[in-house]
Amino acid sequence: MNSIPEAQALYRDLLRGVQALMRPDTRLVGITSGGAWLVERLQKDLGLAGAPGVISSAMHRDDFARRGLSSSAQTALPFDVNGADVLLLDDVLYTGRTIRAVLNELFDFGRPACVRLAVLVDRGGRELPVAADFAAATLTLPATRSLALARSESGAFSFDVKEA
């Protein structure tokens, strides 16, 4: 099993990867909650005007009956989705089910011209045909472990690894 990479170092790699994916009209949208933290910092570090988008998978999850609504932020897209170039950001890409739910949520707001995905970590284990356009790191974890981004009060990133 791979060791868990240092989240702050991976953020710097993600910043470079997102810069390479940016087009003049790209809108950043973070998936709650880890992706929302990432997009908040990326928007600032890239010097982009306005607020980034935040999107929740809660209403379109295939396990909604079991999980219900989470306490995380709800969707806020401060731009017209129709015809937009959207770059989704998330902390960890695993089964692909969150991305599927987020795409459903995004299309509830309109029809983007293009949707791409950048993640801090791709941990494999896909259950749906979803791939990131950029991943700062790829690692393998057993299905019995979960990996999530954590943020300290000072804004520093770290990873939280738990036994499922």
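What follows is a walk through the sheet, the cores and the salt bridges of a predicted model. Local features were kept only at pLDDT of at least 70 and side-chain atom pairs only at pLDDT 80 or more, while totals for chains, interfaces and linings use all residues. Residue numbers start from 1 along each chain as its sequence is written, and side-chain values use heavy atoms, with hydrogens and water left out.

Five strands make up an open sheet, ordered E2-E1-E3-E4-E5, with parallel pairing. Helices (H or I, at least four residues) and strands (E, at least two) are DSSP runs numbered from the N terminus, and two strands pair if DSSP finds at least two bridges between them. Strand E2 (53-55) and strand E5 (134-138) sit at the edges with a single partner strand each, so one side of each has no neighbour in the sheet. On average, neighbouring strands are turned by 25 degrees against each other, direction ignored; axes here are lines fitted to C-alpha atoms, for helices over the stretch in contact, and angles between N-to-C directions run from 0 to 180 degrees. Within the sheet, strand E3 (residues 85-93) and strand E4 (residues 114-122) run parallel and are joined by eight bridges, with valine 86 opposite valine 115 in E4.

Helix H2 (residues 34-45) packs on this sheet and touches strand E1 (26-31), E2, E3 and E4, its direction making about 145 degrees with that of E1. Helix H4 (residues 97-108) also lies across E1, E2, E3 and E4, at about 150 degrees to E3. Contact means heavy atoms within 4.5 Å.

Elsewhere, E6 and E7 run antiparallel, joined by seven bridges. These two strands form a hairpin with five residues between them, and glycine 155 in the turn has a positive phi of about 95 degrees.

What about the inside? The largest nonpolar core has 25 residues, and Leu14, Val18, Leu42, Leu89, Leu120, Val121 and Phe159 have the most contacts inside it. Such a core is a set of buried Ala, Val, Leu, Ile, Met, Phe, Trp, Tyr and Cys residues joined through side-chain atoms within 4.5 Å; buried means under 20% relative accessible area, exposed over 50%, and partly exposed in between (1.4 Å probe, protein chains only). Helix H1 (7-21) is among the elements that give two or more residues to this core, and H1 gives the most, with seven residues. Another core, of 16 residues, lies apart from it and includes Ile55, Phe79, Ala84 and Ile99.

Threonine 75, in the loop between helix H3 (64-67) and E3, is buried at 19% relative accessible area. Its side chain has a polar atom 3.0 Å from the backbone nitrogen of serine 56, and a polar contact of 2.8 Å joins the side chains of threonine 75 and glutamate 105. A polar contact is a pair of N or O atoms within 3.5 Å; within protein, one must be able to donate a hydrogen and the other to accept it, and residues adjacent in sequence count only if both atoms are side-chain atoms.

The structure holds eight salt bridges, each a side-chain nitrogen of Lys or Arg within 4 Å of a carboxyl oxygen of Asp or Glu. In one of them, arginine 116 meets aspartate 85, with the closest N and O atoms 2.9 Å apart. Arginine 116 lies in strand E4 and aspartate 85 in strand E3, so the pair ties together parts 31 residues apart in sequence. Arginine 116 is buried at 8% relative accessible area, and aspartate 85 is buried at 3%.
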